[in-house]
Amino acid sequence: MPASHPASQEEHNRHSLIRARIRKLLPQFAHLQDRSREARRYVIMAAAIAAIGGLLFGYDTGIIASALIYVTRSFSLSTAGQEWIAAALNLGAVAGALISGPVADRYGRRLTTICAAAVFIAASLGCGFAPDQTTLIIARLFLGAAVGATTQIIPVYVAELAPAELRGSLVSLFQMVFSLGLLVAFFTGYELAGPPDCWRTMFNLGVIPAALLALGMFFLPESPRWLLHNHEEERAIAVLYRLRGHHDPVRQELDDLLSAHEQQTGESGWSGLKQAWVRPALIAALGVAALSQLSGPNVVVYYAPIILAQAGLGSSAALLTSVGIGLTSTITTMMGIALIDRVGRRRMLLVMLPFAALSLFVLGSIFLSSAPIAGLRMVVMLAALLGYIFFNFGSLSVAVWLIASEVFPLEIRGKAMGLASATVWLSDTVVSLVTLTLVNALGTTGTFWLFGLINVLSFVFVWAFVPETAGTTLEEIEQRLHKGTFYNTGR
C-alpha cells in the first residue's frame with residue numbers, strides 16, 4: 001500500500017505548471033531526425049568517461065599493496081602504522097561520500113565530480129612528496145575524500161543518464177575500470193619495485209587518471225533528472241534528446257519522471273531517509289554495501305603480497321601474484337558487465353557467492369600445515385585465491401554500486417547513495433584495520449574461514465532482501481517502493 005503523504009494543493013499546482021512547460025517545449029524537438037544510434041554511442045562514451053573515476057578508486061586502493069612494503073621500510077612502520085596508512089584512505093572516503101551527496105544534489109553531479117578530481121590531484125602529490133608518516137596519513141585522508149566522493153557521484157550520474165536496458169552494464173563499467181585500476185596499480189608496483197623511494201612515484205602517478213576525469217567531465221552533460229528536479233526543464237529535455245535520439249522515448253521518460261516527481265513527499269533532506277516506504281531500499285543497498293567489503297575482497301587487495309611473502313614467496317613473486325589478481329578481477333568484471341542486464345543482479349549474486357565462500361574455505365585449508373607451501377599446495381592456493389577473486393568480484397563487487405544507484409527515489413538519491421558509499425568505505429576501514437590483527441589472533445586459516453562464513457551470510461541476505469531490478473526503469477522502481485511492492489520484483 002502507498003506509504004507516502006499526498007501532495008499538497010500547492011505542490012499539485014506546481015507539478016501542473018511543470019507539465020505545461022514541458023508540453024510547450026517538446027514540439028521544439030519533435031521535428032528532429034531519429035538519431036537513436038548516435039545517442040546510444042554517446043551514452044556509452046559518457047559512461048566510459050565518467051567511469052575513469054573507478055580508475056582512481058582502483059589505482060589508489062591497489063597501489064597501497066605495493067607501496068606499503070617500501071613505505072614501511074622508509075618510515076620504520078609498526079603493524080599499527082601499516083594499518084593506519086592503509087585505512088586513512090578509507091576513513092577519508094567515508095567523509096567524502098557523506099559530504100558529496102548533499103553537494104551533488106545542490107550543485108549537480110558533473111561539477112561535483114570535477115571538484116573531486118581536483119582534490120584527487122592535490123592529494124596524490126601530497127602522498128608522493130610526504131616527508132613523514134603523519135603527512136602521508138593526512139594526504140591519504142584527503143585522497144580518500146576524493147575517492148569517496150567519486151564512488152557516490154559517478155554511479156548515480158551514469159544511472160541517471162542510461163536507458164533501463166543498458167543501466168546495469170553502464171553503471172558496472174565503474175567497477176570494471178576499478179578492476180582495471182587495480183591491475184594498473186599492481187603492474188606499476190611490480191615494475192617500479194626496488195629503489196627505497198619507489199613508493200613516491202607510485203603515488204604521484206595517480207595524478208594522471210584524475211586529470212583525465214576532470215578534463216573529460218567538462219565535455220559531458222549534467223544529469224537530465226537532476227536538471228528536471230531543479231526546474232531546468234529546457235536543458236533537461238535537450239540532454240534527454242541527446243541521450244535517447246528520438247522524441248518517443250524522451251516523451252515516455254519525461255512522463256515517468258513527472259509521475260514519480262508528483263509522488264514526492266517533499267522530504268528531500270536526511271530526514272527523507274527515515275520514511276518507512278524507503279526502508280526496503282535502504283536495507284537492500286546498505287546491506288549489499290557492507291557485505292561487499294566484509295566478505296573480504298580487500299583482504300586480498302591490501303594484504304595479499306604480505307601474506308604470500310610470509311607463506312614463502314619472495315616479495316617480487318608476491319607482487320607478481322597481485323598482477324594476476326588484478327587481471328582476474330578485470331576479466332570477471334567484464335564478464336559481469338556482459339551478463340548483469342541479461343542474467344539479472346539478484347541471480348548473479350545467488351549463483352556466484354557460494355563459490356566465493358568455497359574458494360575461501362579451500363584457501364584457508366592450505367595454511368593448516370606449517371610446512372613450506374610448494375608444489376601442488378602452491379597451485380591449489382593460487383587457484384583458490386584467484387577463484388575467490390573471480391566469484392566475489394563477479395557478484396558483490398559488480399553489483400554493489402549498481403544496486404545502490406538504482407533503488408532510491410530521485411529526491412533523496414544523492415544523499416542515500418552517499419550513505420551507501422560511506423557504508424562501503426566504513427566496512428572497508430574495519431576490514432583494513434583488523435586484518436593483520438585477525439591473522440595474528442586466528443591464524444591465516446581462521447581468518448580466511450571467517451571471511452568464507454561472511455560470504456555464506458551474504459548469500460542468505462541477498463536471498464532474503466535483494467529484489468531483481470534488471471530491465472526496470474528508475475521511476476518504476478520508485479513506484480514499487482511507494483506501493484510497497486519492492487520485494488515482489490523478480491522474487
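Guide: Helices (H or I, at least four residues) and strands (E, at least two) are DSSP runs, numbered from the N terminus. The model is predicted: local features need pLDDT of at least 70, side-chain atom pairs count only at pLDDT 80 or more, and totals for chains, interfaces and linings use all residues. Residues are numbered from 1 along each chain as its sequence is written, and side-chain values use heavy atoms, leaving out hydrogens and water.

Visitor: How many helices does the secondary structure of the protein chain have?

Guide: The protein chain has zero strands. Its secondary structure therefore comes to 20 helices.

Visitor: What percentage of the residues in the protein chain is buried?

Guide: A residue is buried under 20% relative accessible area, exposed over 50%, and partly exposed in between (1.4 Å probe, protein chains only). The protein chain has 491 residues, and the buried share of them is 60%.

Visitor: In which helix does T113 lie, and is T113 buried or exposed?

Guide: T113 has its place in helix α6. Because its relative accessible area is 1%, T113 is buried.

Visitor: Which residues does T113 contact, leaving aside its neighbours within four places in sequence?

Guide: Contact means heavy atoms within 4.5 Å. With those neighbours set aside, the partners of T113 are I153, I154, L213 and M217.

Visitor: How many of the residues of α7 are buried?

Guide: The expected span of a helix is 1.5 Å times one less than its number of residues. Helix α7 covers residues 133-161 and reaches 42 Å from its first C-alpha to its last, close to the 42 Å expected. Its N-terminal end is capped by D132, whose side-chain oxygen lies 3.3 Å from the backbone nitrogen of T134. Helix α7 is largely enclosed by the rest of the structure, because its buried residues number 22 of the 29.

Visitor: Near what value is the phi of H231?

Guide: H231 sits in the loop between α11 (224-229) and α12 (233-244). At 43% relative accessibility, H231 counts as partly exposed. Its phi is positive although the residue is not glycine, and the value is near 65°.

Visitor: Which helix supplies the largest share of the nonpolar patch?

Guide: The patch on the surface consists of V351, F355, L358, V362, L376, V379 and V380. Both α17 (345-366) and α18 (375-406) supply at least two of its residues. The largest share is four residues, and these come from α17.

Notes: Patch = residues over 30% accessible without salt bridge, like charges linked within 9 Å, V, L, I, M, F, W, Y side chains within 5 Å. Areas by Shrake-Rupley, 256 points an atom, 1.4 Å probe, with all protein chains shown as cover. Salt bridge = Lys/Arg side-chain N within 4 Å of Asp/Glu carboxyl O. Polar contact = N/O pair within 3.5 Å; in protein donor to acceptor, adjacent residues only side chain to side chain.
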